[in-house]
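I opened my notebook to look at one helix and a few strands. Here is what I looked up, entry by entry.

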Amino acid sequence: MKLEEIKAHLKTLETIAFQLPNGQFVPSHFHVTEVGKVHKHFIDCGGKVRIEEVINFQLWEADDYDHRIHPEKLIHIIELSEKTLNLKNQEIEVEYQGKTIGKYGLEFNGTHFLLTNKQTDCLAKDNCGVPESKPKVQLKELATNQQSSCAPGSGCC
């Protein structure tokens with residue numbers, strides 16, 4: 001999800017909720033402790049220099065159960081961050097504390113925000129010898145496929 005999308009969704013909500021990939025919700029008394037611009041300048045395993053930039057939201061929960069961030073407050077924080085950090089309409093990455101700091105993608109299901117799992121990947125598969133994944137075939141499919149069998153007298157042997 002990009003920055004303009006979250007602002008549009010926030011304008012339609014009375015409360016904010018974030019759901020983790022396991023189905024649990026971030027406790028309602030969370031705080032957005034950071035809105036930032038993360039610039040990553042790196043070289044992949046194939047030797048190509050790459051630059052990635054995302055907008056980062058950090059969610060944090062404390063023992064402060066009396067406060068809940070409202071959509072208009074988060075919009076204000078985002079707008080202040082846009083001016084101060086010169087944010088563009090870029091993808092949002094969300095950090096949230098589990099056993100360690102987790103990084104998530106962000107989606108919206110019409111009622112609340114979904115924190116989605118992010119995966120690592122090789123960006124230079126063609127340069128570092130990672131084989132293409134082979135199609136997975138179940139043995140029961142092979143047994144029922146008569147064209148792949150060799151019948152007596154068919155000339156396949």
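**Strands and a helix**

I began with the turn between E5 and E6: these strands form a hairpin with 4 residues between them, and Gly110 in the turn has a positive phi of about 105°. Helices (H or I, at least four residues) and strands (E, at least two) are DSSP runs, numbered from the N terminus. I noted that this is a predicted model, where local features need pLDDT of at least 70, side-chain atom pairs count only at pLDDT 80 or more, and totals for chains, interfaces and linings use all residues. Residues are numbered from 1 along each chain as its sequence is written, and side-chain values use heavy atoms, with hydrogens and water left out.

Next I checked the pairing (two strands pair if DSSP finds at least two bridges between them). E5 is joined to E6 (residues 113-117) by 5 bridges, and the two run antiparallel. Tyr104 stands opposite Asn117 in E6.

Then I went to the other side of E5. Strand E4 (residues 92-97) runs antiparallel to E5 (residues 101-108), with 4 bridges joining them. Their hairpin has 3 residues between the strands, and Gln97 has Ile101 in E5 as its bridge partner.

Last, I turned to helix H2 (residues 71-85), which has 15 residues. After H2 comes Asn86, with a positive phi near 55°.

Definitions and conventions
Expected span 1.5 Å × (residues − 1).
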